[in-house]
Amino acid sequence: MTLAMRTRPAEADVDVAAAVEPPGVRLRRLRRSPALRALVQETRLHPSMLVAPLFVRAGSGAREPIPSMPGVARLSPDEAAAEAARLAELGVGGVLLFGLPEAKDALGSGASIDDGIVQETFGRIRALDLPLVAIADTCLCEYTDHGHCGPLAADGSVDNDAALVRLAETAVSQARAGADVVAPSAMMDGQVAAIRSALDAAGLSEIAIMAYASKHASAFYGPFREAADSAPAFGDRRGYQMDPANGREAMREIALDVAEGADLLLVKPALPGLDLIAAARARFDLPIAAYQVSGEYAMLMAAAERGWLDGRRAMTEAVTAIVRAGAGIVITYAAADLATWLREDR
Ligand code: PBG
């Protein structure tokens, strides 16, 4: 006998309404009014937990829009400092600087020169004495002519140990210029330990390291690579960034960075990595940041531009989910917008 052939009781046999019991627990009681909903809200965003990435290029008075990231521009150092002041005014917690140098070479020399583009910008931000944290992205891919995150070995792979020296030089230079925190994002083995030793040796032991501890080789970095002109000239980053399929490996990466002396942990990308944020929050007691990357931002902005979703609500929901998962710090291109909305909602 097949399932379809089984006989079922006729409708008239059952009093459905009488069979339905009223629930003993009514969670809707606490959703009745905006005041009740506000009272029981579990996850609250605050501007001070947001970090705004800034792209810095040469020149002055320049704001060059990035087409795939509406509302984000490549800024000259003076404009970047003005933007940092505006963000501080909004109560945003920090800025994360990426440099777009005029010249690139095989070693990414521009990353660690004293008059480099981010170094100049840190100097300007420091001079303003703003109440926000100045963070440096410590990587070489924006500065190398081949677009990889470290110098190349003879076989074309990235030379891990040569990269460590370049990353350490870069971090020292960024810290000397005024960065409060350095954030190594190259995914080289041993990068946190190398940077910690170099900073300490340079008398910069008070400078904190925000380790991009869990960083996947993600398609969601696409718009960033256009913005930073940092797409690899050949190959991809899968030889050093993690396979997005791997979560246990992410925990190993994080544990290593903790052991090497990381002060803060970063999980990236954010929404595709909510499980990792939650797992990291449960296992480690360091502050956890999550990076809502360029592609996560671009897809929401693109859909909102088309009227396919409410951009403000969708962005707020995405960032709230990232915090609900366990991030105490969110790096987001929407930092200024979110801070503005949070003021309006107050
Ligand atoms: C540098 C770096 C990248 C991002 C942050 N730091 C690019 C990459 O790894 O390819 C991506 C950020 C974003 O997409 O918003 N290594």
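Is Arg238 buried or exposed? Arg238 is exposed, with a relative accessible area of 63%, where exposed means over 50%, buried under 20% and partly exposed in between (1.4 Å probe, protein chains only). The model is predicted, so that local features need pLDDT of at least 70 and side-chain atom pairs count only at pLDDT 80 or more, while totals for chains, interfaces and linings use all residues. Residues are numbered from 1 along each chain as its sequence is written, and side-chain values use heavy atoms, with hydrogens and water left out.

**Salt bridges**

- With a salt bridge taken as a side-chain nitrogen of Lys or Arg within 4 Å of a carboxyl oxygen of Asp or Glu, the count comes to 13 salt bridges.
- Asp236, partly exposed at 37%, forms a salt bridge with Arg238, their closest N and O atoms being 3.1 Å apart.
- Arg57 and Glu64 form a salt bridge with the closest N and O atoms 2.6 Å apart; Arg57 is partly exposed at 24% relative accessibility, and Glu64 is partly exposed at 31%.

- Glu83 and Arg63 meet through their side chains in a salt bridge (3.2 Å, N to O), a pair that links distant parts of the chain, with Glu83 in helix H3 (residues 77-89) and Arg63 in strand E2 (residues 63-65), 20 residues apart; helices (H or I, at least four residues) and strands (E, at least two) are DSSP runs, numbered from the N terminus.
- Glu83 is buried, with a relative accessible area of 10%, whereas Arg63 is partly exposed at 46%.
- A network of salt bridges links Arg63, Glu79, Glu83 and Arg86.
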